[in-house]
Amino acid sequence: MTEALWTPPADIRQHSRIGDYLGWLERERGLTFDDYTGLWHWSTTDLPGFWSSIWAYFEVIAHDQPTGVLPDATMPGADWFPGATLNYAEHVLRMPGVGDDEPMVLGYSQTREPVILTAAQLREQVRRARAGLRRLGVGEGDRVAAYLPNIPETVVLMLATASLGAIFSSCAPEFGTRSVTDRWQQISPKVLVAVDGYRYGEKLIDRQGEVAAIQAALPSLAHTVLLPYTQGVVGLGELAADTDEPLEFTPVPFAQPLYVLYSSGTTGLPKPIVHGHGGILLEHLKMLALHHDLGPGDRYFWFSTTGWMMWNYLVSGPAVGAAIVLFDGNPAAPDLGALWRLAEQAGMTYFGTSAPYLLACRKEGVVPREIADLSKLRGLGSTGAPLPPEGYVWVYANVKPDLLLISLSGGTDVCTGFVGGTPLNPVYAGEISARALGAKVEAYDPTGHPLDNALGELVISAPMPSMPVAFWGDTDGSRYREAYFDVFPGVWRHGDWITVTERGTCVITGRSDATLNRGGVRLGTAEFYSVVEGMAEVADSVVVHLEDDEGGAGELLLFVVLQPGLDLDDALKSKIARELRSALSPRHIPDVIHQVAAVPRTLSGKKLEVPVKRILTGTPVESAAAKGALANPESLLAFEHLAKSR
């Protein structure tokens, strides 16, 4: 589809934050840009100029001024803003352009009544929590672990931890004991804050047994604070006791660890990815304001749990003056319209979610504009998987025709999206609108040469401030180098297939380590899922390619989860084959189609294509995937049985 679904208004520069930034660049730096392409090119070729402009434009508070911007751009190990000291929490709690009485954290839950914190109340809660952590002996560099849902208390605890220069790490309470201890045994936390349980829809889930098991597995713990969340209690308990201690912010170096995020851990221990105060601050200021166009008066929501990096991306909202909307519960209870009705209730101006959620709404016939007043909604974000063209078309037809839809792709590794959208660029169906400012994203061929308008490995060929400081415990940096720099030395290889089109848009077609290579032609998995899961009969699917040792076409296997009551018969197999042939090509027709009860997924909802492939080629289940990292480990059994029968 070549016609744009949305185009920027003629006066967009007068009414957007990126337009204001362009005006600032012209006044303060003497730089003018006719379009986004020119701005992006400058931002990725003059890294010191661009990132110093972000620092100055957003008036970053430095307790010690930097002696430079990027004296060493070598990857890994780029040295950003040496000599600077600052604090991430200070910038989030500054809340520029916001009055003390304005609601800034709106917490909605299926476990208790809504909790709303004004700007003044948020600062006060962080002040008390900071003093409480200090009473427990927490200081700079100590780790604070949160086994908490997406609620205001978690935001308060993270900011209090950061204000001390201590290091935060969260796991969502739906994570089982093994998943949690696999993560936290690596970082030895000093304090654990946990809930007693939560409600998911109508179901009450007790977590006191898991909390006790986590405590027993973490000898480093000096204190545990248990919050009676299921009883409707609000606040951080003993941590929030009244005190006269002022709210202060420990100045820390730019690369001081802020929090530890984790890879999915599907094929081994989760990688503990350390992110720094300065890199996260600059990256999130840039993305939230200049790309998502968020600022004072906005109410910004992204459906997430505390076990996904989008939670960290969400809670930076107040740093650009935007209020944040939190939700804890089942997004499909009582039906898939729940979050859209919440959008009306909370007055959301920005609705962030996942591509699978949007596609599920499309499939179920949900029409959000008919079930909720979405008049305040200006932007919609989608991530977690590529959004196919029909997803874009559905949004503009059924949500709102004048939204800026941003399909965002990035990762836990950089805690941001490095390709996404901008108010300056049109939106085309199935295409990510732009490469993000300061993110030199390219497509590489196998020899490390850039490709234009052709499928290649997604790489980042120049450093970004939010690239990880390190992996925790990786003293010689070997795990870090192996994870990102082993294929193209000095260039970050992300592990996705990408095409950068002639108009500068991007199409991501799936993981490069889950490539379907038939007769030398690489096929992305995303397009398979778009077609197969667009069929009314199919609820979910996963596709893998088993290579032929002799260089032949190999075997393409498709596994489908059907709607309740349906069985995979020859007629349905033929229908799937016809759909794939007509929508894609004859190469996309599977050799075999199997029905399974469930597709294996990580706790954050990603499909496990590579572990499925490993199981089917003879790797034992316990070696192919870490069951504790899966939302549904029992789903692996079907693939194990099939491997044995083959």
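Me: How much space lies in the second largest cavity?
Reply: This is a predicted model, and the value is computed from it. The structure holds two cavities of 30 Å³ or more. The space in the second largest cavity is about 40 Å³.

Me: Which residues line the second largest cavity, and how do they divide into nonpolar, polar and charged?
Reply: The lining is made up of Arg112, Ile151, Glu153, Val195, Leu227, Pro228, Tyr229, Val233 and Gly235. Gly counts as polar here. The division is six nonpolar, one polar and two charged.

Me: Which residues are closest to the centre of the second largest pocket?
Reply: That pocket holds about 410 Å³ of space. Its lining has 30 residues. They divide into 21 nonpolar, six polar and three charged. Closest to the centre are Gly77, Ala78, Met467, Pro468 and Val469.

Me: Which element gives the most to the largest nonpolar core?
Reply: This core has 162 residues. Tyr21, Tyr88, Leu157, Leu159, Tyr300, Trp340 and Phe351 touch the most other members. The element that gives the most, with eight residues, is H9.

Me: Where do Asp100 and Arg123 lie, and how many residues apart in sequence are the parts they tie together?
Reply: Their side chains meet in a salt bridge (3.2 Å, N to O). Asp100 lies in the loop between helix H4 (88–94) and strand E2 (103–109), and Arg123 in helix H5 (residues 119–135). The pair therefore ties together parts whose separation in sequence is 23 residues.

Me: Is Asp242 buried or exposed?
Reply: Asp242 meets Arg128 in a salt bridge (3.4 Å, N to O). Arg128 is partly exposed, at 22%. Asp242 has 58% relative accessibility. The cut-off for exposed is over 50%, so Asp242 counts as exposed.

Me: Which residues are linked with Arg128 in a network of salt bridges?
Reply: A search of the whole structure finds 23 salt bridges. Arg128 belongs to a network of them. The residues linked with Arg128 there are Glu124, Arg127 and Asp242.

Me: Is Asp142 buried or exposed?
Reply: Asp142 and Lys190 meet through their side chains in a salt bridge (3.5 Å, N to O). Lys190 is partly exposed, at 24%. Asp142 has a relative accessible area of 19%. Buried means under 20%, so Asp142 is buried.

Terms used. Residues numbered from 1 in each chain as written. Predicted model: local features only at pLDDT ≥ 70, side-chain atom pairs only at ≥ 80, totals over all residues. Heavy atoms only, no water. 1 Å grid on protein atoms, 1.4 Å probe; cavity = no way out; pocket = protein on both sides within 12 Å on 5 of 7 lines; lining within 4 Å. Points joined across faces, edges and corners; volume = space filled by probe spheres on them. Core = buried A, V, L, I, M, F, W, Y, C linked by side-chain atoms within 4.5 Å. Buried < 20%, exposed > 50% of the residue type's maximum accessible area, 1.4 Å probe, protein only. Helix = DSSP H or I, 4+ residues; strand = E, 2+ residues; numbered from the N terminus. Salt bridge = Lys/Arg side-chain N within 4 Å of Asp/Glu carboxyl O.
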